[in-house]
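Hello,

Here is the structure I promised to pass on. Have a look at it first, and then read my notes below.

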Amino acid sequence: MLDFVEFLAQKYAQPQQPPQKRVLGLNQGKIRISDDFNNPLPDKFWLGESEG
């Protein structure tokens, strides 16, 4: 148990670096969303029926 307490003390005693700031537009143009993304899903989807 003492080893675990020492491990925790060492882990949290080290200064932690602040998270990096996010860069707006870094991945711009890398993802494409379909034009029908917001359209309702068909009943077949909700009822678990296959289309085959």
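**What I found**

At 86% relative accessibility, Met1 counts as exposed (exposed means over 50% relative accessible area, buried under 20%, and partly exposed in between, with a 1.4 Å probe and protein chains only). Before going on, please note that this is a predicted model, in which local features need pLDDT of at least 70 and side-chain atom pairs count only at pLDDT 80 or more, while totals for chains, interfaces and linings use all residues. Residues are numbered from 1 along each chain as its sequence is written, and side-chain values use heavy atoms, with hydrogens and water left out.

Met1 sits in the segment before α1 (2-13); helices here are DSSP runs of H or I with at least four residues, strands are runs of E with at least two, and both are numbered from the N terminus. Together with Leu2, Phe4, Val5 and Phe7, Met1 makes up a nonpolar surface patch, and the accessible area of these residues together is about 620 Å². A patch takes residues with over 30% relative accessible area and no salt bridge, joining nonpolar side chains (Val, Leu, Ile, Met, Phe, Trp, Tyr) within 5 Å and like charges within 9 Å. A salt bridge, in turn, is a side-chain nitrogen of Lys or Arg within 4 Å of a carboxyl oxygen of Asp or Glu. The areas come from the Shrake-Rupley method with a 1.4 Å probe, and for residues only the protein chains shown count as cover.

**The loop and the aromatic rings**

Leu24 is in the loop between α1 and α2 (43-47), and its relative accessibility of 85% makes it exposed. Leu24 and Leu2 lie 46 Å apart, C-alpha to C-alpha, and 22 residues apart in sequence.

The structure has 2 aromatic pairs. In one of them, Phe45 and Trp46, the ring centres are 4.9 Å apart and the planes stand at 85°, so the pair is edge-to-face. Rings of Phe, Tyr and Trp (its six-membered ring) pair with centres within 6.5 Å; planes under 30 degrees apart are stacked, over 60 edge-to-face, and the rest tilted. Both Phe45 and Trp46 are exposed.

**The whole chain**

The protein has 2 helices and 0 strands, and 0% of its 52 residues count as buried. Its radius of gyration is 25 Å, whereas a compact globule of 52 residues would have one near 10 Å (taken over C-alpha atoms, with the globule rule being 2.2 Å times the number of residues to the power 0.38). The C-alpha trace spans about 60 × 35 × 15 Å along its principal axes.

Best wishes
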